[in-house]
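Hi,

Here is the structure I promised to pass on. Have a look at it first, and then read my notes below.

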Amino acid sequence: LLRAAAEAMPDGATLVTGTIEGVPLYNADHEAASGAPDAVVTLRRQLADADGLLLATPEYNNGIPGVLKNAIDWMASGPGAEVFVGKPVAVIGASPMAHGTMLA
């Protein structure tokens, strides 16, 4: 789905694919003591540089996967919250089920 979205980008626009791989479980104490993990710093930088955010997710048990929620918690914590300000956000998902990913 992300590859199709990248191919559908208009001329002059680029879709940069980030990853939540390597994002540990959210821990505010760890962040206060040591800062955000490298994987989170990378995602924050990518979002800060972007004009918008496209989230691609499966739907697990009628909701977003816990690992995606965890990554959003990291991204929006502390100084990370400001990178979301003013960014348009879209969510896409694909599923073989009749209702797709409408609950995610």
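The lining of the largest pocket divides into 22 nonpolar residues, seven polar ones and two charged ones. Bear in mind that this is a predicted model. The space in that largest pocket comes to about 1000 Å³. Its lining counts 31 residues, and Val16, Thr17, Gly18, Leu53 and Leu54 are the closest to the pocket's centre.

Which element gives the largest share of that lining? That would be α4, with five residues. At least two residues of the lining come from each of α3 (38-49), β1 and α4.

Two of those elements turn up again in the fold: β1, helix α4 (residues 66-75) and β2 form a right-handed β-α-β unit. The two strands, β1 (residues 53-56) and β2 (residues 89-92), run parallel and pair over four bridges.

Now for the start of the chain. Leucine 1 sits in the segment before α1 (2-7). Is leucine 1 buried or exposed? Its relative accessible area is 51%, and exposed means over 50%, so leucine 1 counts as exposed. Threonine 57 is 56 residues along the chain from leucine 1, with 9.6 Å separating their C-alpha atoms.

Cheers

Key. Residues numbered from 1 in each chain as written. Predicted model: local features only at pLDDT ≥ 70, side-chain atom pairs only at ≥ 80, totals over all residues. Heavy atoms only, no water. Buried < 20%, exposed > 50% of the residue type's maximum accessible area, 1.4 Å probe, protein only. Pairing = 2+ DSSP bridges. Right-handed = clockwise from strand over helix to strand, strands pointing away. 1 Å grid on protein atoms, 1.4 Å probe; cavity = no way out; pocket = protein on both sides within 12 Å on 5 of 7 lines; lining within 4 Å. Points joined across faces, edges and corners; volume = space filled by probe spheres on them. Nonpolar A, V, L, I, M, F, W, Y, C, P; charged D, E, K, R; others polar.
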